[in-house]
Amino acid sequence: MEDFEAHRAHLYAVAYRMLGSGSEADDAVQEAWLRAARADLDALGNPRGWLTTVVARVCLDMLRSRKARREVPLTVPPSLAGPDPEQEVVLAESVGLALLVVLDTLTPAERLAFVLHDLFGVSYLEIASILGRSSDATKMLASRGRRRVRAAELPDEDPVRQPELVEAFLAAARAGDFAALLAVLHPEVTVSADAVAAGSSGPVRLRGAAVVARQALLFSHRAPHARVGLVDGAAAILVAPGGRLLTVMTFQVAGGAIVAVDVVADPGRLGRLAVGA
């Protein structure tokens, strides 16, 4: 599987921009690895192109599934985490948080067409084969996505205010203060939780300030075990009852509000995080 490993960073970049979630991108790349293990990559003339198509199909299925279960409640407290070192490089080169937020408003087909063509240079013909549509229809999908992205005016990330907002989020959750939670959340905030954090068979994604605030209130009883710490150098919430780290919540902040939360509880991923006081 040396060919696969040579393209892993690229595949993660595609999956992250398609899904907007580190944990879901990990899952998509892992599924692509399983499919690649059953194929003969050496016999392929363009392994990178073949793997990109595989990841795109996996992400498309995940996006469609997400739309069908957009507000599935979590059954255990969420935890958010950052990527491993290789993935950190990918995220640093990302086109930015504003794009990820806007992409989340597109349909799965629009998102795939725009991301693959405009960000990764995949031809309309290849994208059309993934979507099962004509090249002309695929161009229209990408064009609609492009117009929405260009119209977006979400401010850039605001690392200076991140610690303040994370502290305020935790304080509001501890107090069970719904209004205070809404005050620190962007109206279109998203929460992504891995399968372990969600207590489900797969990752769960929530969207909207009211939905996220209600979810945070469900876990206020766990707040005594939570504290603000650092994950990959950024302010995050660490949930560690009895001193054992069980969940981590990382935050993305823009325009003076929390716009995304990533929750990770999978022991393997937790072990790869750079966690500090």
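This is a predicted model: local features need pLDDT of at least 70, side-chain atom pairs count only at pLDDT 80 or more; totals for chains, interfaces and linings use all residues.
Residue numbers count from 1 along each chain as its sequence is written, and side-chain values use heavy atoms, with hydrogens and water left out. Local features need pLDDT of at least 70 and side-chain atom pairs pLDDT 80 or more, while totals for chains, interfaces and linings use all residues.

**View 1. Tyr12 and Tyr16, a stacked pair.** Searching the whole structure turns up 2 aromatic pairs (Phe, Tyr or Trp rings, the six-membered one for Trp, with centres within 6.5 Å; planes under 30 degrees apart are stacked, over 60 edge-to-face, the rest tilted). Here Tyr12 and Tyr16 stack at 6.1 Å centre to centre, with 15 degrees between the planes. They sit 4 residues apart in helix 2 (residues 8-19), so about one helical turn separates them.

**View 2. Phe169 and Phe251, an edge-to-face pair.** Ring centres lie 5.3 Å apart and the planes meet at 65 degrees, so this one is edge-to-face. Phe169 belongs to helix 10 (residues 162-175) and Phe251 to strand 5 (residues 247-254), 82 residues apart. Phe169 is buried at 5% relative accessible area, and Phe251 is buried at 5% too (buried is under 20%, exposed over 50%, partly exposed in between; 1.4 Å probe, protein chains only).

**View 3. Helix 2 under cover.** Of its 12 residues, 10 are buried, including Tyr12 at 2% and Tyr16 at 6%. Just after helix 2, Gly20 takes a positive phi of about 70 degrees.

Note on methods
Helices (H or I, at least four residues) and strands (E, at least two) are DSSP runs, numbered from the N terminus.
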